[in-house]
Amino acid sequence: MTISARIRRHQRIRTLALSAGMVIGMVAATFGPQLAHAAAPSKASKAVIKGAAAEKPLVLAAADETQMQASDRVLLGRYDCEFGRHITVDRNEANPGYVNLALDRQAWVMKPVQSATGAIRLEDVRGQALLVQILTKSMVLDTKSGKRMVDACVHEVQRKAEAELASQPPRPSIFDPR
């Protein structure tokens with residue numbers, strides 16, 4: 001085998017090895033966090049699943065006027081979510097201005113916060129979960145991992161808003177040529 005043939009062969013092998021390494025790296029980056037999250041449940045979810053009896057009682061600060069206004073805008077009741085799941089939001093009777101959120105066997109006490117965009121955020125007082133409520137849907141996020149716990153949750157009020165938006169004629173876009 002000549003020297004130039006050996007060099008070409010070495011370059012092909014090196015290129016193949018680099019390509020294979022890049023593919024394996026992309027696959028690991030795509031599926032690795034999901035597999036790690038599925039294999040090891042978080043400590044926070046274990047504490048919530050065991051029940052509120054094992055947890056220390058919460059001492060919450062009294063709600064101020066902006067929090068009370070935000071709590072009035074929270075949609076209470078059942079939300080139907082993706083994959084046949086549902087969440088329930090109701091008032092926390094012990095703490096005016098706060099609400100309770102339930103998903104499967106998990107439950108949180110949430111503090112309503114109104115954002116500058118008009119969305120309502122329900123922030124878990126223990127820092128484990130976040131519910132974002134916009135005009136047409138809501139979603140629950142795990143604040144520790146930054147992942148969605150459940151998405152496409154729709155309350156009956158949001159369902160009506162979506163139907164009303166769909167019935168309106170489309171507005172012309174600034175990008176449409178005239």
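Is Val-27 buried, partly exposed or exposed? In this predicted model, Val-27 has a relative accessible area of 43% and is therefore partly exposed. The residue belongs to helix α1, which spans residues 3-39. Together with Val-23 and Met-26, Val-27 makes a nonpolar surface patch of about 270 Å².

The largest nonpolar core holds 19 residues, of which Ile-87, Val-89, Leu-101, Met-110, Leu-122, Leu-131 and Val-150 touch the most other members. Two or more residues each are given to this core by β2 (86-91), β3 (99-103), β4 (106-114), β5 (120-124), β6 (129-133) and β8 (147-153). Strand β3 supplies the largest share, 3 residues. For Val-89, contacts beyond four places in sequence include Val-74, Leu-75, Leu-76, Gly-77 and Tyr-79. Val-99, Asn-100, Leu-101 and Leu-122 are also in contact with Val-89.

Val-113 lies in strand β4 and is buried, because its relative accessible area of 19% falls under the 20% limit. With residues up to four places away in sequence left out, Val-113 touches Ala-70, Ala-119, Ile-120, Arg-121 and Glu-123. The C-alpha atoms of Val-113 and Ala-70 are 5.8 Å apart, at a sequence separation of 43 residues.

Six salt bridges are found in a search of the whole structure. In one of them, Asp-80 pairs with Arg-159, with 3.6 Å between the closest N and O atoms. This pair links distant parts of the chain, with Asp-80 in strand β1 (residues 77-80) and Arg-159 in helix α4 (residues 156-167), 79 residues apart. Both partners are partly exposed, Asp-80 at 34% relative accessible area and Arg-159 at 41%.

A salt bridge also joins the side chains of Asp-104 and Arg-85, at an N to O distance of 2.4 Å. Asp-104 is in the loop between β3 and β4, and Arg-85 is in the loop between β1 and β2, 19 residues apart. Asp-104 is exposed at 57% relative accessibility, whereas Arg-85 is partly exposed at 28%.

Arg-148 and Asp-151 form a further salt bridge, in which the closest N and O atoms are 2.8 Å apart. Arg-148 is exposed, with a relative accessible area of 55%, while Asp-151 is buried at 8%. Salt bridges with shared partners join Arg-78, Asp-80 and Arg-159 into one network.

Asp-151 is located in strand β8. Not counting residues up to four places away in sequence, Asp-151 touches Cys-81, Glu-82, Lys-137, Ser-138 and Met-139. The C-alpha atoms of Asp-151 and Val-132, 19 residues apart in sequence, are separated by 9.8 Å.

Technical notes
Residues are numbered from 1 along each chain as its sequence is written. This is a predicted model: local features need pLDDT of at least 70, side-chain atom pairs count only at pLDDT 80 or more; totals for chains, interfaces and linings use all residues. Side-chain values use heavy atoms; hydrogens and water are left out. Patches are made of residues with over 30% relative accessible area and no salt bridge: like charges are joined within 9 Å, nonpolar side chains (Val, Leu, Ile, Met, Phe, Trp, Tyr) within 5 Å. Accessible areas come from the Shrake-Rupley method with a 1.4 Å probe; for residues, only the protein chains shown count as cover. A salt bridge is a side-chain nitrogen of Lys or Arg within 4 Å of a carboxyl oxygen of Asp or Glu. Helices (H or I, at least four residues) and strands (E, at least two) are DSSP runs, numbered from the N terminus. Buried means under 20% relative accessible area, exposed over 50%, partly exposed in between (1.4 Å probe, protein chains only). A nonpolar core is a set of buried Ala, Val, Leu, Ile, Met, Phe, Trp, Tyr and Cys residues joined through side-chain atoms within 4.5 Å. Contact means heavy atoms within 4.5 Å.
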